[in-house]
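This briefing is meant for a reader meeting the structure for the first time.

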Amino acid sequence: MYHVPVMLQPCIDALDIKPDGVYVDVTFGGGGHSRAILEKLTTGKLFAFDQDADAKDNAEMILKDFDKKNFELIPENFRYIRKYLKIAGFTQKVDGVLGDLGISSYQIDTPERGFSTRFDADLDMRMNVEQAFSAKILLQTYSEEKLHRILGEYGEVKNAKTLAQALVRQRANKPIGTIQELKNVLEKYAPKHQYFKYFAQVFQALRIEVNEEMTALEELLLQMTELIKPQGRLVVMSYHSLEDRLVKNFVQKGKFYGEVEKDLYGNFYTPFSPLFRKPQEASPEEIAQNPRARSAKLRAAVRNTAL
C-alpha cells in the first residue's frame with residue numbers, strides 16, 4: 001500500500017458500515033480506507049472513484065484479498081459520481097460516502113508528478129495525467145489578475161499581488177517550467193524563515209486551480225442529498241480551510257452560502273445532521289507517525305428523512 005490512511009478508525013466508525021450495505025469511496029488513492037470498508041462487507045458493495053491512472057494498479061493489489069463482486073473501481077473524477085454510478089449499473093441510493101480530499105502521499109512522493117517542493121521536475125500537478133492543462137501552462141498563460149486571485153484565494157498568500165506581478169515579469173524573460181525555476185522566484189518574496197510554508201501555499205494554490213478542486217467538491221456535495229439514503233452517512237476529511245468551510249456549510253445548511261432555508265410551514269430543514277459539533281482531528285500519536293494527518297479535519301453527517 002503506497003498511502004497511509006489518515007484517521008482510519010474514526011472514518012470507519014463514522015460510516016457505521018453495514019455488512020450488506022453499498023458504499024462509495026470517492027478518493028480511492030492508495031486504497032487504505034477502501035480496504036478497511038471491504039473488510040466489513042459480506043454481501044455489500046464498494047464503489048471507488050479515482051481519476052489518477054496509478055490507482056488502478058493499487059486496486060488490483062487490494063482485490064487479491066477480496067471477492068471481486070464486492071468492489072468496483074471507477075477511474076473518473078468524483079464530481080461525476082451519479083453519472084458513472086449509473087453507467088456502472090447502479091441507480092439506487094447508497095448507505096455511505098467517504099471522501100479523503102487533497103493529495104495522496106504517493107502523488108507527493110513521485111517527483112515527476114510535480115506536486116512536491118522537495119524535488120525538481122516539470123511543473124505538472126495534474127491528478128488526471130490525461131488532461132492537457134498543467135501548472136506549467138497555468139503559469140505561462142494566466143493574466144496577472146487571475147494569478148493574484150488564485151494565490152490569494154486558494155493559497156492565502158499574503159503578498160499575492162506582488163508575487164503575481166513577479167511571475168508575469170519573470171515569464172516575459174524566461175518561461176517558468178520546472179519546480180526549481182518557480183522556487184527561484186518564490187525565494188525572493190517568501191517571509192524570512194518561512195520559505196517552506198510559503199512554497200506550500202503557492203503550490204497548493206496552483207494544484208487546486210489546475211485540478212478545479214473546489215468546483216469538483218461543490219459538485220460532489222450537491223449530489224449527496226439525492227445519492228445517500230435516509231440514515232446513511234457522509235464522511236469527509238479535508239486538509240485546508242477552504243475545503244473544510246464548504247463541507248461545514250453543506251453539512252449544517254445543505255448549501256454553501258446564505259442561511260438555512262425554511263419550508264412552507266416556517267420550519268428549518270437541512271438534508272443532513274452533523275454527527276459531531278466540531279470536526280475531529282488526528283491524535284498526537286498519529287501525527288507523530290504520519291505528519292500528513294496534522295492538518296486533517298474530519299466531518300461526518302447523517303442523512304435526514306426527507307419531509
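In what follows, a residue is called buried when its relative accessible area is under 20%, exposed when it is over 50%, and partly exposed in between, with a 1.4 Å probe and protein chains only. The model is predicted, so local features need pLDDT of at least 70 and side-chain atom pairs count only at pLDDT 80 or more, while totals for chains, interfaces and linings use all residues. Residues are numbered from 1 along each chain as its sequence is written, and side-chain values use heavy atoms, with hydrogens and water left out.

**Salt bridges**

- A salt bridge here is a side-chain nitrogen of Lys or Arg within 4 Å of a carboxyl oxygen of Asp or Glu, and by this rule the count comes to 17.
- R79 counts as buried at 10% relative accessibility, whereas E219, at 29%, counts as partly exposed.
- Salt bridges that share partners join R79, E212 and E219 into one network.
- D16 and R233 also meet in a salt bridge, at 3.8 Å from N to O, which joins the loop between α1 and β1 to strand β5 (residues 228–238) across 217 residues.
- In that pair R233 is buried at 15% relative accessibility, while D16 is partly exposed at 41%.
- The helices and strands named here are DSSP runs (H or I, at least four residues, for helices; E, at least two, for strands), numbered from the N terminus.

**Backbone angles**

- D16, which lies in the loop between α1 (8–15) and β1 (22–25), has a positive phi of about 50 degrees although it is not a glycine.
- E212, found in the loop between α10 (195–211) and α11 (213–222), likewise has a positive phi of about 50 degrees without being a glycine, and it is partly exposed at 43% relative accessibility.
- Most residues other than glycine have a negative phi.

**A helix pair**

- L163, A166, L167 and Q170 in α8 meet L182, V185 and L186 in α9, where contact means heavy atoms within 4.5 Å.
- By class, this contact of α8 with α9 has 6 nonpolar, 1 polar and no charged residues, with Ala, Val, Leu, Ile, Met, Phe, Trp, Tyr, Cys and Pro counted as nonpolar, Asp, Glu, Lys and Arg as charged, and the others, Gly among them, as polar.
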